[in-house]
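Trainee: I have a new structure to look at, and I would like to learn how to read it. Could we go through it together?

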Amino acid sequence: RYPLIVNEIRSADPDVIGLQEVTNSFLRHLLHQDWIRQNYYCSDEGTSCVFFIGLFLKANSSLFDASC
């Protein structure tokens with residue numbers, strides 16, 4: 001099931017990824033994707049990115065391009 005969810009996220013090519021009720025196991029799966037690590041920033045790459053309510057946010061690195 002995780003690969004299907006990740007493929008849907010990837011095909012949408014979002015600038016910001018916001019997920020609710022994220023489990024630590026899904027977050028680990030998502031953060032191990034090369035395209036996530038190469039194109040998105042997170043304030044904390046560990047599973048502590050998931051707040052106590054299971055909310056996860058990740059922003060595309062192009063949003064932080066200094067030349068914009």
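Mentor: Gladly! Let us begin with surface: accessible areas come from the Shrake-Rupley method with a 1.4 Å probe, and for residues only the protein chains shown count as cover. Here the accessible surface of the protein chain comes to about 4,800 Å², and 52% of that belongs to carbon and sulfur atoms. This is a predicted model, in which local features need pLDDT of at least 70 and side-chain atom pairs count only at pLDDT 80 or more, while totals for chains, interfaces and linings use all residues. Residues are numbered from 1 along each chain as its sequence is written, and side-chain values use heavy atoms, with hydrogens and water left out.

Trainee: In what order do the elements of the protein chain run?

Mentor: Helices (H or I, at least four residues) and strands (E, at least two) are DSSP runs, numbered from the N terminus. This protein chain has three helices and three strands, and from the N terminus on they run α-β-α-α-β-β.

Trainee: Which residues of helix 2 are buried?

Mentor: Buried means under 20% relative accessible area, exposed over 50%, and partly exposed in between (1.4 Å probe, protein chains only). In helix 2, residues 24-31, the buried ones are Phe26, Leu27, Leu30 and Leu31. They sit on the same side of helix 2 because they cover an arc of only 130° around the axis, taken from the directions from the helix axis to the C-beta atoms. An α-helix has 3.6 residues a turn, so residues three or four places apart point the same way.

Trainee: Which residues make up the largest nonpolar core?

Mentor: Such a core is a set of buried Ala, Val, Leu, Ile, Met, Phe, Trp, Tyr and Cys residues joined through side-chain atoms within 4.5 Å. The largest one has 12 residues in all: Val6, Ile9, Ile17, Leu19, Val22, Phe26, Leu27, Leu30, Leu31, Trp35, Ile36 and Tyr40. Helix 2 gives the largest share of this core, four residues.

Trainee: Is Gln33 buried or exposed?

Mentor: Gln33, in the loop between helix 2 and helix 3, is buried, with a relative accessible area of 19%. A polar atom of its side chain lies 2.9 Å from the backbone oxygen of His29.

Trainee: Where is Arg37 found?

Mentor: Arg37 is found in helix 3 and is partly exposed, at 47% relative accessible area.

Note on methods: A polar contact is a pair of N or O atoms within 3.5 Å; within protein, one must be able to donate a hydrogen and the other to accept it, and residues adjacent in sequence count only if both atoms are side-chain atoms.
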